Amino acid sequence: MSEIVNIEERQRIKRILDGKREEYAWFVKTYSQQVLNFTSRMVPNAEDAKEVAQDAFVKAFRSLGSFNFQSSFCTWVCRIAYHKSLNCLKHQPPHYVDIDNLPAITDEELSTGREERIAMMEAAVEDLPPDERMLIHLYYYEDRPLRDIAYIVDAEPNVLATRLHRIRKKLLLAIKRKEDE
């Protein structure tokens, strides 16, 4: 991963594993808002998103001994939160869009600078299914590298690059439809 676990995190994890469980509060305090923001993008119900974030921290605590420092603690707990979010969403009906006949697009077509188009883009992003919305947020809004996102969602970076390309096509189509209305 491109992130390196800082020394403070390593030391705190070692102390927790040595029995000083109260040290875990630092991780919750430091990363809870980021993890809640993460789950809120996938899980539409605010209470469910909070519960998923809490469950992710509980699972991370219970699994701390298996944390292998491949990523930062925050990326690791986001990975757990991602899978917990997917489990939460399993009971919701799927959202399908036919992307095979979508036109090819460029990043220039997506960002024209016009305020109305930006508003349409934001609305189109919010209309995406939760997993696609999460990829857009992680890649474009949080500026996370594909490698980190791939770790979180347990996918290959090249697969995510293809998914992002298809999502951009969907967004362009949605914007074009709004413009034609």
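**Val 35.** I started with the neighbours of Val 35. Leaving out residues up to four places away in sequence, Val 35 touches Ala 53, Phe 57, Val 77, Cys 78 and Ala 81. Contact here means heavy atoms within 4.5 Å.

**Ground rules.** I noted that this is a predicted model, in which local features need pLDDT of at least 70, side-chain atom pairs count only at pLDDT 80 or more, and totals for chains, interfaces and linings use all residues. Residues are numbered from 1 along each chain as its sequence is written, and side-chain values use heavy atoms, with hydrogens and water left out.

**Overall build.** I counted elements next. The protein chain has 9 helices and 0 strands. Helices (H or I, at least four residues) and strands (E, at least two) are DSSP runs, numbered from the N terminus. I looked up burial too: 39% of the 181 residues in the protein chain are buried. Buried means under 20% relative accessible area, exposed over 50%, and partly exposed in between, with a 1.4 Å probe and protein chains only. Of the contacts in the protein chain with a separation of 6 or more, 71% are between residues 24 or more positions apart.

**The core.** I went back to Val 35 with the core in mind. The largest nonpolar core has 45 residues, and Val 35 is among those with the most contacts inside it, as are Tyr 24, Phe 38, Leu 64, Phe 73, Trp 76 and Leu 171. Such a core is a set of buried Ala, Val, Leu, Ile, Met, Phe, Trp, Tyr and Cys residues joined through side-chain atoms within 4.5 Å. Which helix gives the largest share of this core? I found that α4 does, with 9 residues.

**Ile 16.** I located Ile 16 in helix α1. Ile 16 is buried, at 6% relative accessible area. Beyond its neighbours within four places in sequence, Ile 16 is in contact with Arg 21, Glu 23, Tyr 24, Phe 27, Phe 61 and Leu 64. Ile 16 and Leu 64 are 48 residues apart along the chain, yet their C-alpha atoms are separated by 8.5 Å.

**Phe 69.** I found Phe 69 in the loop between α3 and α4. Phe 69 counts as partly exposed, at 26% relative accessibility. Its C-alpha atom is separated by 9.7 Å from that of Glu 9, 60 residues away along the chain.

**Cysteines.** I searched the whole structure for disulfides and got 0. A disulfide is a pair of cysteine sulfur atoms within 2.5 Å. Cys 74 is buried, with a relative accessible area of 5%. Cys 88 is partly exposed, at 23%.

**Helix α8.** I checked how enclosed α8 (residues 146–153) is. Because 6 of its 8 residues are buried, α8 is largely enclosed by the rest of the structure. Those buried residues are Asp 148, Ile 149, Ala 150, Tyr 151, Ile 152 and Val 153. They pack against α2 (24–42), α4 (73–89), α7 (130–141) and α9 (157–180). After α8 comes Asp 154, whose phi is positive, near 60 degrees.

**α7 and α9.** I looked last at this pair. Their axes come within 10 Å and cross at roughly 105 degrees. Axes are lines fitted to C-alpha atoms, for helices over the stretch in contact, and angles run from 0 to 180 degrees between N-to-C directions.
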